[in-house]
Amino acid sequence: GIGGCNDLFMVAMQNSPMTMGRVTPIVETMVASMGLTSQGLGGPVGRVDCHVGGPEGSCGPDAAVLEVTAAGGVRFRAVTTSKEEECANGEEEGERGSDVAPVVSFNGRVLGKRTDGWHKVKTGDVASVGARVFMFLLPE
């Protein structure tokens, strides 16, 4: 859970692409100060479609992406934006949370290099994003 204990939660993909990651401490503070309770695991917070929670530093807000393809399949990839690329795109350093090295894996393989690319998702595949592990269940 948010406090560090193991917890079970389910996420239904509501849009494509779906960003998966941990919101920044600044966003957490803003949400809490407004009295909003949408910081729950698996839910949308700010521009993160699936907030994975977990310890600060386990991943940034855009650590991974899940996407439905035009052919109706689903694919998954780690996002590997460097600070240099952020600044070249006119973003302030750390604005996207990528000052935190994402911890992302797919079926036991750590992802993060530009060459890792997209991975086709099947029912039973397992991915980790930050401190959370997901098993995919796709409609038949």
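This report describes the fold, strand pairing, nonpolar core and one surface patch of a predicted protein model.

**Overall make-up**

The protein has 140 residues, and 39% of them count as buried. Its secondary structure consists of two helices and nine strands. Along the sequence these elements follow the pattern β-α-β-β-β-α-β-β-β-β-β. Contacts can also be sorted by how far apart the two residues lie in the sequence. Among contacts between residues at least 6 apart, 59% join residues at least 24 apart.

**The five-stranded sheet**

Five strands make an open sheet, in the order S2-S1-S3-S4-S7, with mixed pairing. Strand S2 (50-51) and strand S7 (119-120) are the edge strands, and each of them pairs on one side only. Within this sheet, S1 and S2 pair in the parallel sense over two bridges, while S1 and S3 run antiparallel and are joined by three bridges.

In S3, Ala-64 stands opposite Met-20.

**Strands S5, S8 and S9**

Another set of pairings involves S8. S5 and S8 run antiparallel and are joined by three bridges; here Phe-106 stands opposite Ala-127 in S8. S8 is also joined to S9, again in the antiparallel sense, by four bridges. In that pairing, Ser-128 stands opposite Val-133 in S9. S8 and S9 form a hairpin with two residues between the strands, and Gly-130 in this hairpin takes a positive phi near 60 degrees.

| Strand pair | Sense | Bridges |
|---|---|---|
| S1 and S2 | parallel | two bridges |
| S1 and S3 | antiparallel | three bridges |
| S5 and S8 | antiparallel | three bridges |
| S8 and S9 | antiparallel | four bridges |

**The nonpolar core**

The largest nonpolar core contains 19 residues. Met-20, Leu-66, Phe-76 and Val-129 have the most contacts inside this core. At least two core residues come from each of strand S1 (18-21), strand S3 (64-68), strand S4 (74-78), strand S5 (104-106) and strand S8 (126-129). S4 gives the most, with three residues.

Val-126, Val-133, Met-135 and Leu-137 make a nonpolar surface patch of about 420 Å². Met-135 belongs to strand S9 (residues 132-135), and Leu-137 lies in the segment after S9.

Are Met-135 and Leu-137 buried or exposed? A residue counts as exposed when its relative accessible area is over 50%. Met-135 has a relative accessible area of 54%, so Met-135 is exposed. Leu-137 has a relative accessibility of 65%, so Leu-137 counts as exposed too.

One further distance places Leu-137 relative to another part of the chain. Leu-137 and Val-121 are 16 residues apart along the chain, and their C-alpha atoms are separated by 9.3 Å.

Definitions and conventions
Residues are numbered from 1 along each chain as its sequence is written. This is a predicted model: local features need pLDDT of at least 70, side-chain atom pairs count only at pLDDT 80 or more; totals for chains, interfaces and linings use all residues. Side-chain values use heavy atoms; hydrogens and water are left out. A nonpolar core is a set of buried Ala, Val, Leu, Ile, Met, Phe, Trp, Tyr and Cys residues joined through side-chain atoms within 4.5 Å. Buried means under 20% relative accessible area, exposed over 50%, partly exposed in between (1.4 Å probe, protein chains only). Patches are made of residues with over 30% relative accessible area and no salt bridge: like charges are joined within 9 Å, nonpolar side chains (Val, Leu, Ile, Met, Phe, Trp, Tyr) within 5 Å. Accessible areas come from the Shrake-Rupley method with a 1.4 Å probe; for residues, only the protein chains shown count as cover. A salt bridge is a side-chain nitrogen of Lys or Arg within 4 Å of a carboxyl oxygen of Asp or Glu. Contact means heavy atoms within 4.5 Å. Two strands pair if DSSP finds at least two bridges between them.
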